[in-house]
Amino acid sequence: MTLETLAPADDLDADAFDDSVLDALAADDYVFKVWGGDWCIDCQRQLPEFGAALAAAGVPDDRIESFPVTKGPGGKEGELVEAYEIGLIPTVVVESPEGEEVARFVEEEAVSIAEYLADRLADVEATA
């Protein structure tokens, strides 16, 4: 099962994103773990743009892991949902190459997923 909504939006390229956002996403070999559902309205609205941002930043496919989520009687179900405490989607967890969580986006913020994570990753870089 794949997460089709993470496919990059066709109408967005690198010019659609601030350079600082692309630089932050591309830095430090971060791994992006994305939970979502193709049935989810929030995912349909947000993930294509995030996929386009990852593509524009040149993040290779081997550093993007997608985890399709389904609705179950007890809440969200899918691979690693319990391990990562996924309750709302989309959720994006950014990990260092060593597997340490450095940033997390959950469901909705005032800015796009890419901008939100770029801000958090810039903070990580500043304290490194």
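Residues are numbered from 1 along each chain as its sequence is written, and side-chain values use heavy atoms, with hydrogens and water left out. Because the model is predicted, local features need pLDDT of at least 70 and side-chain atom pairs count only at pLDDT 80 or more, while totals for chains, interfaces and linings use all residues.

Strand 1 runs parallel to strand 2, and five bridges join them; two strands are said to pair if DSSP finds at least two bridges between them. One of the residues in this pairing is Trp 35, whose bridge partner in strand 2 is Phe 67. Between these two strands the chain passes through helix 2 (residues 41-56), and this β-α-β crossover is right-handed, a word used if, with the strands pointing away from the viewer, the path from the first strand over the helix to the second runs clockwise.

Helix 2 itself has 16 residues and reaches 24 Å from its first C-alpha to its last, close to the 22 Å expected at 1.5 Å a residue, where the expected span is 1.5 Å times one less than the number of residues. At Leu 47 helix 2 bends by about 30°, and Pro 48 follows within four residues; the bend at a residue is the angle between axes fitted to the seven residues ending there and the seven starting there. Among the buried residues of helix 2 are Leu 47, Pro 48, Phe 50 and Leu 54, where buried means under 20% relative accessible area, exposed over 50% and partly exposed in between (1.4 Å probe, protein chains only). Just after helix 2, Gly 58 takes a positive phi of about 75°.

Next come the aromatic rings. A search of the whole structure finds four aromatic pairs; rings of Phe, Tyr and Trp (its six-membered ring) pair if their centres lie within 6.5 Å, and planes under 30 degrees apart count as stacked, over 60 as edge-to-face and the rest as tilted. One of these pairs is formed by Trp 35 and Phe 67, which are stacked at 4.7 Å centre to centre with 20° between the planes. Because Tyr 84 lies in the loop between strand 4 (75-77) and strand 5 (91-95), the pair ties together parts that are 49 residues apart in sequence. Trp 35 is buried, with a relative accessible area of 0%, and Tyr 84 counts as buried at 16%. Trp 35, Phe 67 and Tyr 84 form one aromatic cluster.

Strand 5 is also joined to strand 1 by five bridges, but these two strands run antiparallel, and Phe 32 stands opposite Val 94 in strand 5. In a regular strand the side chains alternate between the two faces of the sheet. In strand 5, Thr 91, Val 93 and Glu 95 point one way and Val 92 and Val 94 the other way, and all are buried. Strand 5 and strand 6 form a hairpin with five residues between them, and Gly 99 in the turn has a positive phi of about 90°.
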